[in-house]
Amino acid sequence: MTREEKQALVDELSEKFQSHNAFYITDASGMSVAKINEFRRLCFNRGLEFKVYKNTLIRKALDTLGTDTAELDAALKSQSGVLFSKEAGNAPGKLLKDFYKAQNYGKNVEPKPALKGAYIDASIYLGANQLETLSTLKGKNELIGEVIGLLQSPAKNVISALSSGGNKLAGILKTLSEKEEAAA
């Protein structure tokens, strides 16, 4: 591979890192071509992208992000595949868990591709033990929806209290007027 080809790959990878708010670095070593293709197909079906890169090219591309990504150096060992997500930061985590489940990995077998590290909205997560946390992270749209729901809840309670209170007050007035008419 020539220096120009390497630079083109670094530029492509840098652009992907900057245009995706989340990416996961996985260990794809030991996976057969058939398994990698099966995994890529699953990624494509869910709107994610998976590609294997050399660790030195990943490091050079990470240096262009403008944030401190030195912690990810620990993840740049052996064969590395990068899983990109534009939408939710938890989508790759859910995909990995679903792929592991479909492959019937046992407790004594390390699932592949194994999570080595993740970068989500400038936060860095290292190690396969973070997969559960990453898969349950809420996306930006989910959090906005929850906040809107929380903000609407008190207003709905006030409106329902006022409307039900108005019905009660009208009922009490009607009952009192009927009593006065009956007494007269």
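A residue is called buried here when its relative accessible area is under 20%, exposed when that area is over 50%, and partly exposed in between. By this criterion, buried residues make up 33% of the 184 residues in the protein chain, and it should be kept in mind throughout that the model is predicted.

**Overall architecture**

The protein chain contains 6 helices and 5 strands, which follow one another along the sequence in the pattern α-β-α-β-α-β-α-β-β-α-α. Among contacts between residues at least 6 apart in sequence, 75% join residues at least 24 apart. The chain exposes about 11500 Å², of which carbon and sulfur atoms supply 56%. One nonpolar surface patch, of about 290 Å², is made by Ile-172, Leu-173 and Leu-176. Of these residues, Ile-172 is found in helix 6, which spans residues 140-183, and with a relative accessibility of 48% Ile-172 counts as partly exposed.

**Helix 4 and its surroundings**

Helix 4, formed by residues 91-103, has 13 residues and reaches 18 Å from its first C-alpha to its last, close to the 18 Å expected at 1.5 Å a residue. Its buried residues are Pro-92, Gly-93, Leu-95, Leu-96, Phe-99, Tyr-100 and Gln-103. These residues cover an arc of only 160 degrees around the axis, which puts them on the same side of helix 4. An α-helix has 3.6 residues a turn, so residues three or four places apart point the same way. On the other side of helix 4, Lys-101 and Ala-102 are exposed.

The buried residues of helix 4 pack against several elements, namely strand 1 (22-27), helix 2 (33-45), strand 3 (80-85), strand 4 (114-120) and helix 5 (131-136). Helix 4 is followed by Asn-104, whose phi is positive, near 55 degrees.

**Salt bridges**

| Lys-16 | Glu-49 | 2.3 Å |

In the salt bridge between Lys-16 and Glu-49, the closest N and O atoms are 2.3 Å apart. Lys-16 lies in helix 1 (residues 3-19) and Glu-49 in strand 2 (residues 49-53), so the pair ties together parts that are 33 residues apart in sequence. Lys-16 is buried, with a relative accessible area of 13%, whereas Glu-49, at 28% relative accessibility, counts as partly exposed.

Elsewhere, salt bridges that share partners join Glu-12, Lys-16, Glu-49 and Lys-51 into one network.

Technical notes
Residues are numbered from 1 along each chain as its sequence is written. This is a predicted model: local features need pLDDT of at least 70, side-chain atom pairs count only at pLDDT 80 or more; totals for chains, interfaces and linings use all residues. Side-chain values use heavy atoms; hydrogens and water are left out. Helices (H or I, at least four residues) and strands (E, at least two) are DSSP runs, numbered from the N terminus. The expected span of a helix is 1.5 Å times one less than its number of residues. Buried means under 20% relative accessible area, exposed over 50%, partly exposed in between (1.4 Å probe, protein chains only). The arc is that of the directions from the helix axis to the C-beta atoms. Contact means heavy atoms within 4.5 Å. Accessible areas come from the Shrake-Rupley method with a 1.4 Å probe; for residues, only the protein chains shown count as cover. Patches are made of residues with over 30% relative accessible area and no salt bridge: like charges are joined within 9 Å, nonpolar side chains (Val, Leu, Ile, Met, Phe, Trp, Tyr) within 5 Å. A salt bridge is a side-chain nitrogen of Lys or Arg within 4 Å of a carboxyl oxygen of Asp or Glu.
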